[in-house]
Amino acid sequence: NLDNDGQETFYITDYVRTGKIYLLSFLFALAVILIGRWHGFKALVGLAVSFVVLLQFIVPRILAGSNPLFISISGALVILAITLYLVNGFNSKTTVAVLGTILSLLLTGVLAIIFTKLTRLTGFAEEEAAYLVTTGQNLLNMKGILLAGMIIGALGVLDDITISQASVAEQIYGANQNLTWQEIYKRSMKVGVDHVSSIVNTLVLAYAGASLPLFLLFSVNTTLPASQIINSEIVATEIVRTLVGSIGLVAAVPLTTIIASCALKRKFIKIKNREGVEI
């Protein structure tokens with residue numbers, strides 16, 4: 001088309017997908033509520049809170065030039081506290097899960113910092129990073145953003161593991177309150193080991209699925225040796241992201257279990273004291 005100055009104006013058109021996306025979102029919410037009922041509704045509210053913190057706090061602060069790592073950890077702790085207590089209630093089980101998640105998150109952050117530095121990852125390997133620079137956001141700390149993404153990505157699975165392990169320990173203790181904290185720990189870890197194997201596989205496959213076009217691209221290019229492909233920053237970034245997150249997930253199981261076991265026995269002793277029974 002020609003505008004008022006006689007210049008040609010071009011319009012780029014695309015499919016309108018918003019209606020279908022809204023429909024899929026509605027089906028997701030409906031499934032969660034029908035199966036989870038009130039618990040599922042609270043989970044959806046927690047999800048909304050997570051998006052609010054992410055879009056209204058974490059993203060604007062990073063764009064404003066704040067340290068991405070500090071902002072992501074602060075935001076992650078806010079998301080963690082609000083969502084876990086909102087969904088599971090204010091009780092000792094949730095507090096144990098929060099403590100276990102915080103410790104595991106700190107471990108993940110430390111490992112991410114160390115291995116990002118050792119492997120000399122810059123954060124510019126992904127296409128989105130280059131686009132941010134072209135839009136004038138060249139003052140952003142891309143390495144910090146990479147670290148922030150690792151932490152936020154791990155948080156999404158960590159809270160599931162920690163609340164599950166806290167629940168397992170609570171159920172085992174409830175079935176036999178004469179167990180020592182060591183026995184509670186050993187029995188809970190038998191369930192935790194199975195949980196670890198499935199969760200780690202889930203995390204790796206999730207990252208692999210997101211990076212599938214990348215893997216296909218390198219598979220087509222058979223002229224490069226495997227060591228050179230792994231050494232490329234774009235692949236190395238995904239490997240570090242996956243393994244750092246997986247180590248944090250694995251560590252979350254024993255950390256949460258030992259906290260839960262000790263907390264349950266301490267609670268038990270206090271109850272018996274109030275009842276006047278000798279310990």
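Predicted model: local features only at pLDDT ≥ 70, side-chain atom pairs only at ≥ 80, totals over all residues.
Lys42 is found in helix H1, one of the helices taken as DSSP runs (H or I, at least four residues; strands are E, at least two) and numbered from the N terminus. At 17% relative accessibility, Lys42 counts as buried; buried means under 20% relative accessible area, exposed over 50%, and partly exposed in between, with a 1.4 Å probe and protein chains only. Setting aside neighbours within four places in sequence, Lys42 is in contact with Leu86 and Val87, where contact means heavy atoms within 4.5 Å.

Residues are numbered from 1 along each chain as its sequence is written, and side-chain values use heavy atoms, with hydrogens and water left out.

**The protein as a whole**

Buried residues make up 34% of the 279 residues in the protein. Among contacts between residues at least 6 apart in sequence, 72% join residues at least 24 apart. The protein exposes about 17,100 Å², and carbon and sulfur atoms supply 66% of that area; accessible areas come from the Shrake-Rupley method with a 1.4 Å probe, and for residues only the protein chains shown count as cover.

**H2 and its two partners**

Two packed helices are described by the angle between their axes and the distance between the axes. Here the axes are lines fitted to C-alpha atoms, for helices over the stretch in contact, and angles run from 0 to 180 degrees between N-to-C directions.

Let's take H3 to begin with. Helix H2 (residues 68-88) packs against helix H3 (residues 92-118) at an angle of about 160°, and their axes are 10 Å apart. H2 and H3 are therefore roughly antiparallel to each other; angles over 145 degrees count that way, those under 35 as roughly parallel, 65 to 115 as roughly perpendicular and the rest as oblique. The crossing of H2 past H3 is right-handed, a term for a near helix turned clockwise from the far one by less than a right angle, with anticlockwise giving left-handed. On the H2 side the contact includes Leu69, Ala76, Leu77 and Leu80, and on the H3 side Val98, Ile102, Leu105 and Ile113 are among the residues involved. By class, this contact has 11 nonpolar, four polar and no charged residues. In that count Ala, Val, Leu, Ile, Met, Phe, Trp, Tyr, Cys and Pro are nonpolar, Asp, Glu, Lys and Arg are charged, and the others, Gly among them, are polar.

Now for H5. The axes of H2 and helix H5 (residues 142-175) come within 9 Å and cross at roughly 20°. That makes H2 roughly parallel to H5. This crossing is right-handed. Residues of H2 that meet H5 include Pro68, Ser72, Ile73 and Ile79, while Gly144, Ile151, Leu155 and Asp159 are among those on the H5 side. The contact of H2 with H5 has 14 nonpolar, three polar and one charged residues.

Ala169 is buried, with a relative accessible area of 0%. Leaving aside neighbours within four places in sequence, Ala169 is in contact with Ile184, Ser188, Ala260 and Leu264. Ser219 sits in helix H7 (residues 212-220) and is exposed, with a relative accessible area of 52%.

The table gives two C-alpha separations for these residues.

| Residue pair | Separation in sequence | C-alpha to C-alpha distance |
|---|---|---|
| Ala169 and Met189 | 20 residues | 8.8 Å |
| Ser219 and Ile229 | 10 residues | 9.5 Å |

**Two arginines with positive phi**

Finally, have a look at two backbone angles. Arg37 has a positive phi of about 55° although it is not a glycine. Arg37 lies in helix H1 (residues 18-63) and is exposed, with a relative accessible area of 63%. Arg120, also a residue other than glycine, has a positive phi near 55°. Arg120 belongs to the loop between H3 and helix H4 (127-134), and it is exposed at a relative accessible area of 69%.
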